[in-house]
Amino acid sequence: MTALLNADLHCHSVVSDGTLTPEELALRAHGNGVQLWALTDHDELGGQERAAAAAKSLGMAYLTGVEISVTFIGQTVHIVGLGVDTSHPALVDGLRQTRGGREQRAHEMSDGLARVGIRGAFEGALKFVGNPDLISRTHFARFLVETGVCKETNEVFRKFLTEGKPGFVPHRWASLQNAVDWITQAGGMAIIAHPARYRFTANEEFALFTEFKAHGGLGVEVVTGSHSAAEYITYAEAAREFGLAASRGSDFHSPAESHTELGTLPFLPSNLTPVWETLSSRIQ
Ligand code: AMP
Ligand code: MN
Ligand code: MN
Ligand code: MN
């Protein structure tokens, strides 16, 4: 299959920290000309059946998806899994464990915010949560925007929710090896999400790509909503250097918050192997 495909293989619904339902996302993707779509909620497969059914009713090709939170050398890294069997026990159990600490973490985040005078953040964030198993920093950000503490979610992250800030609570997610194994065992393809977003040194980034590859990881996001045009080139080169297939996805969360719309990114550079070539037998 060609690189010139309007594939959008990364976005979020109310089942994690998006604001649209799987059906609304499917309609929006289809309306924007998406030809191959995947819903990739954080640490959750709960929206997959609805997403696949909605895509099918629109005649849009679909790949199952998930975005797994990983801790790698002290930082959070996201690994996307595409084409997974959504009932595979290793993946289902692994995701359940990964989601496990979120509620406790949210209480601690709320305590941290209370110490700087922001009260009731746990209950406030909960109002924005579509899935009680998946309270995320994004839900806290929406609460702080609603109460007027900040103008937009980006500002909340900068002032309150990132390392060293009052609402930040360090958390240990899945290991890189486990996340790649769960995806691979479930018949899917593991892909490094938005690599330019991490604060790694060149050596640390090299270690991430090398270890990911050694564990059986097969792809990297090259064209994604949080990459600049220069970063498309950087990670196209990384894909070639490490022999990884390339993915494309907006990481769309919400019409009000996301600056990249579903299905509107540039095409993948044509000298890369698109992930959908490797995944052709998994497309529904
Ligand atoms: P969590 O998994 O609870 O740590 O939340 C991570 C989510 O927060 C990411 O998937 C993004 O949706 C969102 N996020 C992280 N950093 C920012 C930022 N600077 N601005 C807006 N949203 C962010
Ligand atoms: Mn998110
Ligand atoms: Mn991510
Ligand atoms: Mn994402």
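Buried means under 20% relative accessible area. The model used in these exercises is predicted.

**Exercise 1.** State which residues of helix H8 are buried, and how they are arranged about the axis.

Solution.
1. Helix H8 covers residues 176-185, and its buried residues are Leu176, Ala179, Val180, Trp182 and Ile183.
2. Viewed down the axis of H8, these buried residues fall within an arc of 160 degrees, so they line one face of the helix.
3. Their packing partners are S4, S5, helix H3 (89-99), strand S6 (189-192) and helix H9 (202-214).
4. Just after H8 comes Gly187, with a positive phi of about 80 degrees.

**Exercise 2.** Identify the residues that coordinate the manganese ion (ligand 3), and explain what the pair Glu67 and His78 ties together.

Solution.
1. The donors to ligand 3 are Glu67 (OE), His78 (ND1) and His194 (NE2), at 2.1 to 2.2 Å.
2. Glu67 belongs to strand S4 (residues 65-72) and His78 to strand S5 (residues 75-82), so the pair ties together parts that are 11 residues apart in sequence.
3. The sequence spacing of the donor residues is E-x10-H-x115-H.
4. Both Glu67 and His78 are buried.
5. A distance of 5.6 Å separates the manganese ion (ligand 3) from the manganese ion (ligand 2).

**Exercise 3.** Work out the strand order of the three-stranded open sheet and name its edge strands.

Solution.
1. The order is S1-S2-S3, with parallel pairing.
2. Strand S1 (7-8) and strand S3 (61-62) each pair on one side only, which makes them the edge strands.
3. Strand S2 (residues 36-37) is joined to S3 by two bridges.
4. Trp37 has Tyr62 as its bridge partner in S3.

Note on methods:
Residues are numbered from 1 along each chain as its sequence is written. Chains are lettered from A and ligands numbered from 1 in the order in which they are written. This is a predicted model: local features need pLDDT of at least 70, side-chain atom pairs count only at pLDDT 80 or more; totals for chains, interfaces and linings use all residues. Side-chain values use heavy atoms; hydrogens and water are left out. Donors are N, O and S atoms within 2.8 Å of the metal (3.2 Å for Na, K and Ca); water is not among the atoms, so sites may look incomplete. Helices (H or I, at least four residues) and strands (E, at least two) are DSSP runs, numbered from the N terminus. Buried means under 20% relative accessible area, exposed over 50%, partly exposed in between (1.4 Å probe, protein chains only). The arc is that of the directions from the helix axis to the C-beta atoms. Contact means heavy atoms within 4.5 Å. Two strands pair if DSSP finds at least two bridges between them.
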